[in-house]
Amino acid sequence: MISQRHYATGKRKYAIARAWIEPGPPEITVNGRALDHYFTLLAHRIQVETPLELTNTRGQFRIKASVCGGGGAGQAGALRHAIAKALVKANPDFRATLKKEGLLTRDPRVKERKKYGQKGARSRFQYSKR
């Protein structure tokens, strides 16, 4: 398997995650807190652990991550992206599996900016004909 620590960054919306993986006891810490305490929603925890499930390496790595910016969903997506990239650095054989599931591609969707003369990005002010 791997014999050293591997590092990768991931992004989603406005969140940025940095992840370090190394062989050892299976624990995931995010900003110094356990995964269960940082991501309270089950859906976010499942999303973070998806790369480990797909590569059948769930109990093999110690993952230390730091996440900043964005909200809960964006941070979970950024961390999933970072873990997937770090796993590929650790073992290039995982690339085909993770790429097929779309975990190595950065999701480009971000919030569209508000335009001047309008109420929002797409919505307009109410128009009154008479």
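**Note on the predicted protein chain**

1. Residues 24 or more positions apart supply 67% of the contacts with a separation of 6 or more in the protein chain, a contact being heavy atoms within 4.5 Å. The model is predicted: local features need pLDDT of at least 70, side-chain atom pairs count only at pLDDT 80 or more, and totals for chains, interfaces and linings use all residues. Residues are numbered from 1 along each chain as its sequence is written, and side-chain values use heavy atoms, without hydrogens and water.

2. The protein chain holds four helices and five strands, in the order β-β-β-β-α-α-β-α-α from the N terminus. Helices (H or I, at least four residues) and strands (E, at least two) are DSSP runs.

3. The radius of gyration of the protein chain, taken over C-alpha atoms, is 18 Å, whereas a compact globule of 130 residues would have one near 14 Å. Along the principal axes, the C-alpha atoms fill a box of roughly 75 × 30 × 20 Å.

4. Of the 130 residues, 38% count as buried, that is, under 20% relative accessible area with a 1.4 Å probe, protein chains only. Helix α3 (residues 72-90) spans 27 Å from its first C-alpha to its last, close to the 27 Å expected at 1.5 Å a residue. Helix α3 is mostly covered, with 14 of its 19 residues buried.

5. The side chains of the protein chain include 27 positive and 9 negative ones, and the centres of the two sets lie 15 Å apart. Lys and Arg count as positive, Asp and Glu as negative; His and the chain ends are not counted.

Technical notes
Rg over C-alpha atoms; globule rule 2.2 N^0.38 Å. Buried < 20%, exposed > 50% of the residue type's maximum accessible area, 1.4 Å probe, protein only. Charge placed at Lys NZ, Arg CZ, Asp CG, Glu CD. Expected span 1.5 Å × (residues − 1).
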